[in-house]
Amino acid sequence: MTRLFASDLHLDPARPEVTEQFLGLLQELEGRSGSLFLLGDLFEAWLGDDLPGALGETVAVALRKLANTGTALYLMQGNRDVMLGESFCEAAGALLLEDPCLLEIHGAQVLLTHGDALCTDDGAYQRLRALLRDPDVRSGLLALPERQRRALAGEARAGSRAHQSRLSYEVMDVNAEAVVRLLRESGADVLLHGHTHRPGIHQLTVDGRERTRIVLGDWHAGSSVLHWTDDGYRLLSQPR
Ligand code: MN
């Protein structure tokens with residue numbers, strides 16, 4: 001069975017070519033009965049499952065179509081689409097995964113996470129992240145009218161851009177100690193995440209055991225997908 005992993009597509013009505021490539025991938029997978037894991041930031045912005053917009057609806061329909069042909073679908077929230085919830089997943093025929101989430105593949109313990117929780121050098125962001133995972137804060141935000149939610153999302157994006165421009169390249173990457181801690185606590189052999197937009201495969205030793213950290217790339221200039229088959233895994237990118 002083939003398992004595919006992707007993240008950071010940042011689907012946005014302003015960039016229809018990314019959506020086209022993604023819908024093309026979904027179509028290719030029809031009838032192959034593998035599984036597809038989307039590990040966060042599928043959407044550039046998400047106001048709530050009650051306001052999916054035309055793009056959200058198109059994606060839900062395409063995912064549901066694929067699910068109906070036998071592909072198991074799994075979604076995880078990212079930082080951009082942190083408000084994504086059970087209703088969208090139900091419409092899409094997908095299962096909403098906790099972050100982090102442990103999965104066994106051919107005897108290897110694989111820990112899936114979006115990756116933003118590993119950027120512990122950015123204290124301000126981590127406080128915001130915790131806030132947006134508080135159930136009371138979430139229901140408060142989701143109760144706001146569309147106009148206000150749209151304004152807040154716009155402010156968050158502008159604030160995030162201004163904040164990032166003040167941070168160093170290192171601060172925006174994962175923290176090495178946070179990676180070690182997560183691998184130690186979870187007992188995972190492989191840590192698989194996105195978020196940093198720095199695709200790669202890194203080997204490290206934790207508690208005397210070889211571990212692997214796989215980083216998925218973004219879809220800005222083309223796709224980035226990890227293919228995990230019975231023969232092992234390959235991180236493939238396809239230009240547009
Ligand atoms: Mn992200």
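Helices (H or I, at least four residues) and strands (E, at least two) are DSSP runs, numbered from the N terminus. The model is predicted: local features need pLDDT of at least 70 and side-chain atom pairs pLDDT 80 or more, while totals for chains, interfaces and linings use all residues. Residues are numbered from 1 along each chain as its sequence is written, and side-chain values use heavy atoms, without hydrogens and water.

A pocket is an open set of points on a 1 Å grid over the protein atoms alone, where a 1.4 Å probe fits, with protein on both sides within 12 Å along at least five of seven lines; lining residues have an atom within 4 Å of a point. Volume is the space filled by probe spheres set on the points, which are joined across faces, edges and corners.

| Largest | about 1200 Å³ | 44 residues |

In the second largest pocket, α1 gives the most to the lining, with five residues. For the largest pocket, α6 gives the most, with 11 residues, and Asn-79 is among the residues closest to the centre.

Asn-79 (OD1) also coordinates the manganese ion, together with Asp-41 (OD), His-114 (NE2) and His-195 (ND1), at 2.1 to 2.3 Å. Donors here are N, O and S atoms within 2.8 Å of the metal (3.2 Å for Na, K and Ca); water is not among the atoms, so sites may look incomplete.
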